[in-house]
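Got a model open and want to talk it through? Let's go over it in questions and answers.

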Amino acid sequence: MPSDREFKTALLFLLPLLLTVLAFIAVPVAGTIYDSFFRDVTFLPRRFLGLENYRSLLADRAFYQALLFTLLFTIASVPLEVVLGLVFALILNRPLPARGLLRAAVLIPWAIPAAVSGRAFELIYNFSYGLANYLVLTLGLSDAPVNWLGSSYGAFASLVIADAWRTTPFVAIILLAGLTAIPGDLYRQATIDGAGTLQQFARVTLPLLKPVLMVALLFRTIDALRVFDVVYVITGGGPGGSTNALSLYGYQYFLSGDFGYGSTISVVLFAVALALSILYVRVSGFGRELA
Amino acid sequence: MKPFSPRPLLTLVAALVMLLFCLVPFGYMVLTSFARQPDYLRKQEGLALTLEHYHDILSAESLHFLDYLRNSLVISGVSAACAVAIAALAAYVLTRLRIPGKGTILFGVLAASLFPQVSLVSYLFKVMNALGWINTYPALILPYIAWVLPLSLWILVSYFAQIPLDLDRAARVDGCSRPQILLRVILPVAAPGIFSTFLLAFIFSFNEFLFALVLTTDYQARTIPVGIALFQGLHGEIPWGRIMAASVFTTLPVVALTLLFQRRIVQGLTRGAVKG
């Protein structure tokens, strides 16, 4: 048992952390859940609605569209980013000239604010003079320019590509750390046992990388579910609301002064995120050794 | 002599493809910022270069580019410094003192970082509005501190855990109090870790978008990502040259930091993740 003095010091040192997290994360989240049970619209009297907002949500087609987009976006982008990130990590783990510089270059997309790179991608996807169509036409991949942001499929693909560009480096760096932690002896032993490159990858690399892979998957999934800035900048939710992410949908209600319904949308979003996090933790046993 | 193996060559080619993937959009950004017209890829006559867009964003006060940049630097700098200070105090306790509920605190704080920003922002808006703080620095600094704290805490805990406890014991024998130990023993030893944490907290605050979008209204507090996202031309056409010049100008410090401190950033990022 700690002495009284130690306990007081501990409390004093922890207080700023606990207060900040409480005041600016826990209380706002609780406030949002609370607001979701009210009619809370600017200039209208506040009124308790019970589950009315949630009932409206169930009948709201735009909500289903946003939910569907958010889930599809997550399902499309996360595996792409993790596989690409793994490839990058494997490359960065090989003996190469100027390794440090190479790593720094890979970090650049991650370091640029998403809203800023989003605008660059907006221009890249420009129908008449963007880089994407220039490449497509020059390489002969298509006879006519592609309408990237004008069709719902094109807009979806454009967002997934832009997001993958931005977040693959993060995944790669985390996986690289996992790779360097694998003892070289294991590979030497596997070579002596006659295992080929592919076998070594499947029998040594992947199993030992699993905990780190799970961390990367969890972080990326949470991040993809709450995607906002990339969508806001590149498509604004369009065309026709086909890329309206849940975060963006909630934001639109806040913007119009409807805090009750906007909060309801936010609550559903973090319920989805929470459910998936719990699933990951269950499946992977992530954090078991720490608890 | 070793038999020829295609492997190093393949690695090199793969590395080049990877490099292209990462750098081409950034290169396109730079090129467009110097191009007189953004449609140079379509034109027969090709690319005409100019510095005019840089001149515009740096001299035209109505664009408020330098205001946005200053806001961003101050807000991110103060947020990161506060977050690192708060996280260092907590990390010291979590790695040095025997108190109950350590795991709960660590995982509770981590869980707090998993909430979508949109689920915080309406309440934050109401509170800041009630306080009359909308469009001021504190309206962003306070949420940012909370936002980057989980990351800072996890990284610092893993750094502090590596510092031998013998150092503390020796200092205690010399009669140092706990705050003195933290200040005179731990902090100097952990300085590289503190620096990496500050860098990451700075980059995360600098890049934040949704809070800044909702909690600011104009150049007095608006940060650069929001400023660039909302950059519009007078007559409806998008001023791509200026936007890209502003983007490059903004990104350069971050890119320079990344190039200079690549090892520290990687260390910080991976400490948070791999140890977890």
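What follows is a chat about this predicted model, from the fold of one chain to the contacts between chains.

Me: What order do the elements of chain A run in, from the N terminus on?
Reply: Start with the tally: chain A has 12 helices and two strands. Its C-alpha trace spans about 75 × 75 × 30 Å along the principal axes. Reading from the N terminus, the order is α-β-β-α-α-α-α-α-α-α-α-α-α-α.

Me: At what angle do helix α7 and helix α9 of chain A pack?
Reply: Here α7 covers residues 152-180 and α9 covers residues 197-225, both in chain A. Their crossing is right-handed, and the axes are 9 Å apart. The angle is about 145°.

Me: How many residues of the contact of α7(A) with α9(A) are nonpolar?
Reply: On the α7(A) side you'll find F170(A), V171(A) and I174(A), among others, while the α9(A) side includes L209(A), V212(A) and F219(A). D163(A) in α7(A) and R220(A) in α9(A) also take part. The contact divides into three polar, two charged and, for the class you asked about, 10 nonpolar residues.

Me: Which residue does D35(A) meet in a salt bridge at 3.1 Å, N to O?
Reply: D35(A) sits in helix α1 (residues 4-35) of chain A, and the other residue of the pair is 11 residues away. That other residue lies in the loop between β1 (38-39) and β2 (47-48) of chain A. With an N to O distance of 3.1 Å, the partner is R46(A).

Me: And which residue of chain B does D35(A) meet in a salt bridge?
Reply: The search over all chains turns up 17 salt bridges, and the count between chain A and chain B is two. D35(A) has a salt bridge to chain B at 2.8 Å, N to O. Its partner there is K126(B).

Me: How much area do chain A and chain B bury between them?
Reply: The contact takes in 85 residues of chain A and 95 residues of chain B. In chain A, the residues that lose the most area are F13(A), R119(A) and Y129(A), together 10% of what that side buries. Carbon and sulfur atoms carry 81% of the buried area, which comes to about 8,300 Å².

Me: How far apart are the centres of domain 1 and domain 2 of chain B?
Reply: Chain B is divided into domain 1 (1-50) and domain 2 (64-274). Their contact takes six residues from domain 1 of chain B and eight from domain 2 of chain B. Taken over C-alpha atoms, the separation of the centres is 32 Å.

Me: What is omega for the cis peptide bond that joins G238(A) and P239(A)?
Reply: Most peptide bonds are trans. P239(A) lies in the loop between α10 (229-234) and α11 (246-255) of chain A. The bond from G238(A) to P239(A) is cis, with omega about -5°.

Me: What is phi of F43(A)?
Reply: Most residues other than glycine have a negative phi. F43(A) is in the loop between β1 and β2 of chain A. Its phi is positive, near 75°.

Methods. Residues numbered from 1 in each chain as written. Chains lettered and ligands numbered in written order. Predicted model: local features only at pLDDT ≥ 70, side-chain atom pairs only at ≥ 80, totals over all residues. Heavy atoms only, no water. Axes fitted to C-alpha atoms, helices over the stretch in contact; angles between N-to-C directions. Helix = DSSP H or I, 4+ residues; strand = E, 2+ residues; numbered from the N terminus. Left-handed = near helix turned anticlockwise from the far one by under 90°. Contact = heavy atoms within 4.5 Å. Nonpolar A, V, L, I, M, F, W, Y, C, P; charged D, E, K, R; others polar. Domains from an automatic or database assignment. Salt bridge = Lys/Arg side-chain N within 4 Å of Asp/Glu carboxyl O. Buried area = accessible area lost by both parts, 1.4 Å probe.
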